[in-house]
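Have a look at the model first, then read on.

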Amino acid sequence: MKTLVIVSHPYFSQSRAIHALQETAEAAENVTVRNLETLYGDSPDAIDVAAEQAAYANADRVVFLYPTHWFNLTPMLKAYLNAVWTYGWAFGPGGEALKDKQLQIVTTAGASEFTYSHDGLLNSTMEEVLTPMKASARYVGMRYRQPLAFYEVAARNKDKLSEFQTRFAAELRAA
């Protein structure tokens, strides 16, 4: 299975977790990695729509790798979706470029898994927080895979990074 990993982090140089997970993706077989901020800085206007759309051509699965920040996408990933997943390409008349591809969200959160539970502060699971991504995937005809979330990254627990990388590597090998 060929996988396209789209990475976004507004402060990538400060992120140990997203950086480590990107390295895991780069080391995996049949994986192409595109880091939005590395390619385009923080300028949505710089996004090369044709190049980004072309990156999907051979992918069977698309992974969005980003930190959940204020319970949402990063600004560049949202701008990317607005620019790249266009009417007539991703959906609408003749727009089936994403149809039947898989979409998986791999995200990090500073808070604990308990915080992202019905008993925790948010009274919502991470899966519920990611509902807009699930809806977006279904809207364009993609198959939405179970998200993979890594919690407590703000605690800077270095010992968890290798566990995160191992779990992500296994997910990348899964069909």
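A word on ground rules. This is a predicted model, so to speak of local features pLDDT must be at least 70, and side-chain atom pairs need pLDDT 80 or more, while totals for chains, interfaces and linings use all residues. Numbering starts from 1 along each chain as its sequence is written, and side-chain values use heavy atoms, with hydrogens and water left out.

**The pockets**

A pocket here is an open set of points on a 1 Å grid over the protein atoms alone, where a 1.4 Å probe fits and protein lies on both sides within 12 Å along at least five of seven lines; lining residues have an atom within 4 Å of a point. Grid points are joined across faces, edges and corners, and the volume is the space filled by probe spheres set on the points.

The largest pocket has a volume of about 640 Å³. Its lining counts 30 residues, and P67, A109, G110, V153 and A154 are the closest to the centre. Helices (DSSP H or I runs, at least four residues) and strands (E runs, at least two) are numbered from the N terminus. Both α1 (16–27) and α7 (158–173) supply at least two lining residues to the largest pocket, with α7 giving the largest share, four residues.

As for the second largest pocket, L73, L81, P132, M133 and S136 lie nearest its centre. Two or more of its lining residues come from each of α4 (75–84) and α6 (131–139), and α6 gives the most, with four residues.

| Largest pocket | about 640 Å³ | 30 residues |

The lining of the second largest pocket divides into twelve nonpolar, four polar and one charged.

Now for β4 (residues 102–108).

Which strands does β4 pair with, taking at least two DSSP bridges as a pair? Strand β3 (residues 61–67) runs parallel to β4 and is joined to it by seven bridges, with V63 opposite Q104. Going from β3 through α4 to β4, the chain makes a right-handed β-α-β crossover: with the strands pointing away from the viewer, the path from the first strand over the helix to the second runs clockwise. Strand β5 (residues 143–144) is also parallel to β4, through two bridges, and R143 sits opposite Q102. Finally, β6 (residues 148–150) pairs with β4 in the parallel sense over three bridges, where F150 faces T108.

**The whole chain**

The protein has seven helices and six strands, in the order β-α-β-α-α-β-α-β-α-α-β-β-α. Buried residues make up 46% of the 175 residues.

Key
Ala, Val, Leu, Ile, Met, Phe, Trp, Tyr, Cys and Pro count as nonpolar, Asp, Glu, Lys and Arg as charged, and the others, Gly among them, as polar. Two strands pair if DSSP finds at least two bridges between them. Buried means under 20% relative accessible area, exposed over 50%, partly exposed in between (1.4 Å probe, protein chains only).
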